[in-house]
Amino acid sequence: MRRVAAWTAFVLVAACSDEGGSATSEPTPAPTRAATVTAPSTTPPSATLAPTTAGEAQLTDWKCPPGLPAAAECHRLAVPADWSDPTGGTISLPVAVVRASGPARRGDPIVIPAGGPGFDGLGLAGWSDSPLARGRDVVAYDQRGTGRAEPLLECPERDAAFVANLQQDQPFEAERAAIVAGLTACRARLEGQGIDLDDYDTEASVKDLDAIRRALGYESWNLLGISYGARLGLAAMRSTPEHLRAVILDSVYDVTGGGLAAQATSAERAFQQLADGCAADPECAAAHPDVAAAISAVRDRYNAEPITVDADIGDGAGPRTFVITGDDVMGGLFNALYDAALIPVLPSLLDGLAAGDTSVVPELIRRGVPFATGQADGMQMSVDCADNAGLGEDADRAILAAPGRTRLIVTQALCSEWPVEPTSPDFNQPVTSDLPVLVLAGLYDPITPPAGTEAVASRLANASFGLWPNVGHGVSGGKCANQIGQAFLDTPTAPVNLSCVAAVPGPAFA
C-alpha cells in the first residue's frame with residue numbers, strides 16, 4: 001500500500017545503522033496470540049514447464065539494468081494496453097528471471113509482484129538469494145506504469161509539490177491543494193502523450209502477470225505478495241487459481257478496503273500500539289513512561305516552532321532550506337513503524353525530539369526525500385481509484401475535513417480529482433479460495449493492520465496465519481518467516497509449523 005510522506009523512515013534506518021545497529025531485524029510473533037493453522041486439503045496443480053501458446057507475444061531479450069543478480073536474464077514483453085481490445089496499443093513490461101541451477105532445481109518457480117501500487121519490481125529478483133527460492137527460478141518484473149515499463153506513469157509535478165511543501169509551513173488545505181495541482185498537471189501531460197489511464201488497475205495487472213507466466217513457459221508457479229503485491233495476489237487467486245501452486249500473502253492490502261481515511265485510522269492504531277508496547281515492557285516503561293504523551297509533545301512543539309534546517313537531497317540543486325513541522329514528524333513516525341529495525345529505538349528518538357534534539361533531521365531529509373518521490377504516482381492514483389471505486393469516498397472527505405495529526409499522511413488527491421473507469425463491480429468483494437496460502441502479519445504495521453490481514457486468512461479455506469509481535473510492515477525475510485515459508489513452499493498441502501513464531505520476543509526497546 002502507498003507509503004505517503006516517507007521522508008523520515010529510511011533515514012532513521014541509516015542513522016541507527018551508522019551507530020552500530022542493524023538495518024534488518026528478526027521478525028517475531030505475538031506470544032499472547034495463538035497462530036491459527038488450517039492444513040490444506042487440496043492438491044495444487046503441477047508446476048511443470050509448458051510451451052508458450054501459439055500466436056501469443058514472445059519475450060524479447062533485453063539488457064539487465066544495474067543492480068540485478070549477475071545470473072539474471074532480462075526480457076521485455078508487450079501486453080495489450082487494454083485487455084478488452086488486444087488489437088490496440090501495447091505496454092512494454094521488463095521481466096527478470098534468475099534461473100535455479102544444480103541437481104536440486106525444482107519445477108515450481110516463485111514470482112514476486114511489487115508493492116505500492118507504484119513501486120519498481122525488477123530489484124525483487126534479489127530474492128533469488130532467499131531460502132524461499134531454494135532450487136526455484138525467481139521471476140520479478142515492473143508492473144504497468146512503473147519502473148522501466150513503457151510508458152512510465154511518474155509524476156515529477158507531484159514530487160516537486162511534495163518537496164516544496166517540506167520547505168514551508170502552510171495550512172493543510174494549501175499543502176493538499178499543491179499536491180492536487182501537481183497531480184492534475186501530471187495527468188494532463190500523460191493524457192497529452194496518448195496514455196489512457198483507464199488501462200491501469202489491478203485486474204489488468206493480473207492479466208499481465210499471467211501473460212508473463214505463459215511467455216516464460218511455466219504451467220503454474222508460487223506467488224509471494226507483500227502489501228499491494230498481496231492485493232494483486234488475491235486478485236490472481238480469484239482470476240487464475242489454476243495457475244497458482246501456493247501463495248504467501250504478507251501484510252495484506254486487502255481488496256475490501258483502502259483510501260485516505262483507512263490510512264489515517266491505521267496510523268493512529270500503530271501509534272497507540274507503540275505506546276502500549278513500550279508500557280508493557282518494564283525497561284521501556286521505566287525509561288519512557290508515557291510514549292503517547294511524547295508523541296503529542298513532539299507534534300505540539302514543532303507545530304508551534306518548526307525545525308528549520310538546510311539539507312541536500314542529491315538532486316543536483318544543492319542544499320536548500322526545509323521547514324519541518326510537528327505534523328511532518330508524525331508522517332515520519334508513521335513510516336518508521338514500517339521497519340522492525342526502527343521500532344525499538346522510536347521511544348528514545350521521540351524523547352530526544354520532545355527535548356529539542358533535532359540533530360538527526362538534516363540526515364533524515366537527505367535520505368528520506370528521494371525515497372518519498374520514488375513512486376510512480378500516476379500509476380498509483382489510477383490503480384487505487386479504479387480498484388476502490390466501489391468503496392466510495394465519503395470517509396476520505398471526512399478525514400480531509402479534520403485530518404488531525406495524520407495530515408501529512410492524507411495530503412493527497414481524492415479519486416474524484418483523478419477520475420478513472422472503475423474496475424469490475426465485484427472487485428471489492430472478499431476473496432475466497434481453497435488454494436494453499438500462508439498469511440503473515442506484523443503487530444506494529446502502520447498501513448495494513450494485522451487484524452485486517454488475519455481477516456483475509458479467515459476467509460481462505462486452506463490458510464495458515466502467523467502474527468509477529470516486533471514487526472511493522474513486511475514480515476518476509478526474517479529467519480523464522482523464511483523457515484516457515486520454505487517448508488510451506490516445499491509441501492504446501494502439509495500442516496504448517498508456526499512454532500518459531502511463539503519463540504520470538506517483542507521489540508528490544510532501547
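Predicted model: local features only at pLDDT ≥ 70, side-chain atom pairs only at ≥ 80, totals over all residues.
Cysteine 480 belongs to helix 15 (residues 479-490) and cysteine 500 to helix 16 (residues 499-502), so the bond ties together parts that are 20 residues apart in sequence. Both cysteines are buried.

## The other disulfides

A search of the whole structure turns up five disulfides. Count the bonded cysteines along the protein chain and the pairing reads 1-2, 3-4, 5-6, 7-8, 9-10.

One of them joins cysteine 64 to cysteine 74, S to S 2.0 Å. Its S-S torsion is about 105°, so here too we have a right-handed link. Cysteine 64 is in the loop between strand 1 (60-61) and strand 2 (72-80), while cysteine 74 is in strand 2. Which of these cysteines is buried, and which is partly exposed? Cysteine 74 is buried, at 5% relative accessible area; cysteine 64 is partly exposed, at 24%.

Then there's the bond between cysteine 278 and cysteine 284, with sulfurs 2.0 Å apart. This link is left-handed, with -100° about the S-S bond, and both of its cysteines are buried.

## Nonpolar cores

The largest nonpolar core has 116 residues, and Met237 and Leu249 make the most contacts inside it. Helix 6 (residues 260-279) supplies the largest share of this core, nine residues.

Leaving aside residues up to four places away in sequence, Met237 touches Leu244, Val247, Leu249, Val431, Ser433, Leu435, Val437 and Leu460. Apart from this core lies another, of 25 residues, including Trp127, Leu132, Ala340 and Cys480.

Technical notes
Residues numbered from 1 in each chain as written. Heavy atoms only, no water. Core = buried A, V, L, I, M, F, W, Y, C linked by side-chain atoms within 4.5 Å. Buried < 20%, exposed > 50% of the residue type's maximum accessible area, 1.4 Å probe, protein only. Helix = DSSP H or I, 4+ residues; strand = E, 2+ residues; numbered from the N terminus. Contact = heavy atoms within 4.5 Å. Disulfide = S-S within 2.5 Å.
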